[in-house]
Amino acid sequence: MVVTKAPPSLLYMVKQVELVVRSRLDELLKPTGITALQYTSLTVLERHDGLSAAQLARDSFVTAQSVADVIRSLETRGLVRRERNPRNRRELLILLTESGRDVLARHAEPVRELEERMVRDLTAHQTDQFRQALSKAWQSLS
């Protein structure tokens, strides 16, 4: 009797991809002294500069406490700065500095190459479908 194993769950496979991507990002970023989580926060700010800490936490997929630590570390390194929100003086906005933009620019090519490596066995159409499927999965759970 032949017993066939069930394929791994999609959740398991997504977690495997996340872990290996994070590990590779950490390797790429190590010389700069920032983590994958800090890099993610910088990329979020690159797309939407001037976010509150709460919004940065949501968009970076971390807790408020975690993002507070990330912001403190990035601010100490001069990669972000905090500024009062002119519409709500009680709120601080997080903004990229020129040094933060420089870090992103220095890593743009290696990160793009990592992404290309991840999908190198897929056609352009499959890559587009993969991106759409991941987006739909995220939307379904958000």
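**Stop one: the sheet**

Start with the open sheet of 3 strands, ordered β1-β3-β2 with antiparallel pairing (strands pair if DSSP finds at least two bridges between them; strands are DSSP runs of E, at least two residues, and helices runs of H or I, at least four, numbered from the N terminus). Its edges are β1 (51-52) and β2 (80-85), each pairing on one side only. This is a predicted model: local features need pLDDT of at least 70, side-chain atom pairs count only at pLDDT 80 or more, and totals for chains, interfaces and linings use all residues. Residues are numbered from 1 along each chain as its sequence is written, and side-chain values use heavy atoms, leaving out hydrogens and water.

Now select 88-96, strand β3: 2 bridges join β1 to this antiparallel partner. Zoom in on Leu51, which stands opposite Ile94 in β3.

**Stop two: the helices**

Show α2 (residues 36-47), which lies across β1, β2 and β3 at about 105° to β3. Axes here are lines fitted to C-alpha atoms, for helices over the stretch in contact, with angles from 0 to 180 degrees between N-to-C directions.

Next, pick α3 (residues 53-60) and α4 (residues 64-76): they pack at about 105°, axes 9 Å apart. They are therefore roughly perpendicular (65 to 115 degrees). Which residues make the contact? Ala53, Leu56 and Ala57 of α3 meet Ala64, Val67 and Ile71 of α4 (heavy atoms within 4.5 Å).

**Last stop: the annotated stretch**

Select 7-139, which an unreviewed UniProt entry annotates as "domain: HTH marR-type"; such annotations may be inferred rather than shown by experiment. The chain there is 68% helix and 13% strand, with its end C-alpha atoms 24 Å apart.

How values were computed. Parallel < 35°, antiparallel > 145°, perpendicular 65-115°, else oblique.
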